[in-house]
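I opened the model to look up a few local features. These are my notes, in the order I made them.

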Amino acid sequence: MSADATKKTRRRTLFMVFLSLIWSTLVVLRLVQIQVIQHKDFKQQVQRQNQNKDDILPKRGTIFDRNGNRLACSIPRATVVYSTVEDEPLDVQFRRINQLKRILGISSKKVRSIKSQIREDDPHIVLKRKIEPEKEALLNDLSLKGVHMREESKRFYPHNDLASHVIGRVDFYEKGINGVELKFNSLLRGEKGVMLNYRDARRKEYSFQVLKPAQPGNDLVLSIDETVQYIASKNLEKAVQKARAAWGTIIVSHPRSGEILAMSSCPESDLNQKLTDLRLLNMNKAIHHMFDPGSTFKIITFTAAIDSHRIPYSQTFDCSKGYIRVVNKTFHDHHKFEQLSFPEVIIHSSNVGTIKISQQVGEELLYEKIKSFGFGEKTGIELPAEQSGIAHPIRNWSRLSLASLSIGYEISVTALQLLSSLNIIANQGAQIPFTILKKSSRTSLKPDEEENIPRQVISKSTALQIKDMLKRVVTEGTGQTAQVKGYQAAGKTGTAQKIDPQTGGYTSRAHTSVFMGFVPADDPVISIIVVVDDPKGLYYGSQVAAPVFKETALKVLRYLGIPPDDEPEKPIIAAQKTNSNRT
């Protein structure tokens, strides 16, 4: 080889070595950049690509009745998930999906979507959520390739439709949508946790890490008594069916504490069945529906009369015509009376006598009593969507309003508001706020500073006078059908004409039947209101609602172990009377 050729080869070799050194230096520098300088950034990028965060759903709190019986709870249910199987022909996987379609009841549309996800090699395909245990057991026995279960929970109501409008519902994701489930959703639901899932290059999950554990929801204990609720709802349902009525509601309370022992609206709704009619979400008639109270409202008129000090007990009222004309309207009694004393007017529920009394009372005092009893305002019970009712201010009254209001027209109330007015009488003039709660586990729902303090609405003397009249309503007046064997009850009947939606006026073809009372009268343990809407045939409160009170009160008192009263003395009737077991 010539010297020139050797020299040329050496230059080429040196050049190649130089290039190799440059390339090696660049590689080393890049490695330093990746492994040292940008190590943290690249690591985070890889982690983002191969891991993801999922929520850990907390177990929703249980709802109990006052005696610890479950009214609502969350039970485990499996969700079926499919992971695309590597290196398995698509037709084999599709046949497996078709098999699962029949077992799980998956729609054809859903199946097409699942097959599309399999083609895309999706590692996490949800087939069916919250399946029944029988289907879970079947799938476990089949042990199908690519099929696995993920535990979730499903809300379950052990008594189906019992107290359904009070308890309420949750949606598919266990979020409260009405009733107690909605009102205390933030308390019951708990706090979500966070889980980090690690996946391989094929996006298959191979490990997980709990970053934040889920916090289970708080339990809730209601004032509702499961047995009292059952008694009340069954008696109401029977009455509504017998009367072929549109609906009915019943509330049982403990007057001294304000605790609601039962609250039922007929028809109830099976909470374990899918809700198909959204109108049922706000169908708690006890607090959602407003109506004219009719003669039950005479309690307010008589309270105003006593406090006016204008009407002595000895005063009598001529009701012999059976009607009274005010301005251009004629008000009738359900039965003709002669002379009625002040107490007898309410005992026999005379519209004529009550209107004459209201004319002596006057607008201002009657309106003052209407507002002091809480009409036109919510009771504040811990249930959503409570209505406030309608009580028009005096400036909006017509010349007929005093007469109409005195007998329970031109005012709209809820059943709970009406029961609240009765409880004021039962509690010797004090208004004790209603509550649907007994207690809560692990938290205080009502801090001491927020506790509602009883409010003295009327004097003890006035309340006792009204109570004595209401006792006579049951023993000798319109409420005789509400007599509870062995116990002295006090109460008031009510029958109100409904408004015809087509004419906008009251119609004699549709009525609201009401009875409300408390027992034992001299030491009240329970108070009850029964409202039956649009009964067919018999429609007076004494005929439709009072018997429900009677049956419910007797069974509840026996259940609670309340001993019967001594045989009450027969009251002396001060004035005339005919059988007035109506209104």
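**Entry 1: terms and ground rules.** I call a residue buried under 20% relative accessible area, exposed over 50%, and partly exposed in between, using a 1.4 Å probe and protein chains only. The model is predicted, so I take local features only at pLDDT of at least 70 and side-chain atom pairs only at pLDDT 80 or more, while totals for chains, interfaces and linings use all residues. Residues are numbered from 1 along each chain as its sequence is written, and side-chain values use heavy atoms, with hydrogens and water left out.

**Entry 2: salt bridges.** Side chains of opposite charge can pair when their charged atoms come close. I count a salt bridge when a side-chain nitrogen of Lys or Arg is within 4 Å of a carboxyl oxygen of Asp or Glu. By this rule I get 18 salt bridges.

I looked up Glu132 and found it bridged to Arg77, with 3.6 Å between the closest N and O atoms. Glu132 sits in the loop between strand 4 and helix 5 (133-142) and Arg77 in strand 3, so the pair ties together parts that are 55 residues apart in sequence. I number helices (H or I, at least four residues) and strands (E, at least two) as DSSP runs from the N terminus. Is Arg77 buried or exposed? Arg77 counts as buried, at 14% relative accessibility. Glu132 is partly exposed, at 33%.

Next I took Glu88 and Arg96, whose side chains form a salt bridge at 2.9 Å, N to O. Both of these residues are buried.

A further salt bridge joins Lys471 and Asp522 at 3.1 Å, N to O. Lys471 is in helix 17 (residues 460-476) and Asp522 in the loop between strand 19 (506-519) and strand 20 (526-533), so this pair links distant parts of the chain, 51 residues apart. Lys471 is buried, with 17% relative accessible area, whereas Asp522 is exposed, with 55%. I also noted that Arg60, Arg155 and Glu181 are joined into one network by salt bridges that share partners.

**Entry 3: the second largest pocket.** I used a 1 Å grid over the protein atoms alone: a pocket is an open set of points with protein on both sides within 12 Å along at least five of seven lines, unlike a cavity, where a 1.4 Å probe fits but cannot get out; lining residues have an atom within 4 Å of a point. Points are joined across faces, edges and corners, and the volume is the space filled by probe spheres set on them.

The second largest pocket has a volume of about 700 Å³. It is lined by 24 residues, and the closest to its centre are Lys154, Phe172, Asn272, Gln273 and Lys274. Which strands each supply at least two lining residues? They are strand 3 (70-82), strand 4 (125-131) and strand 5 (147-156). Strand 4 gives the largest share, 4 residues.

I sorted the lining with Ala, Val, Leu, Ile, Met, Phe, Trp, Tyr, Cys and Pro as nonpolar, Asp, Glu, Lys and Arg as charged, and the others, Gly among them, as polar. The lining has 10 nonpolar, 2 polar and 12 charged residues.

**Entry 4: Thr481.** Thr481 lies in the loop between helix 17 and strand 18 (490-499). Thr481 is partly exposed, at 25% relative accessible area. A polar atom of its side chain is 2.6 Å from the backbone oxygen of Ser542. Thr481 and Thr493 are 12 residues apart in sequence, and their C-alpha atoms are 9.9 Å apart.

Definitions and conventions: Polar contact = N/O pair within 3.5 Å; in protein donor to acceptor, adjacent residues only side chain to side chain.
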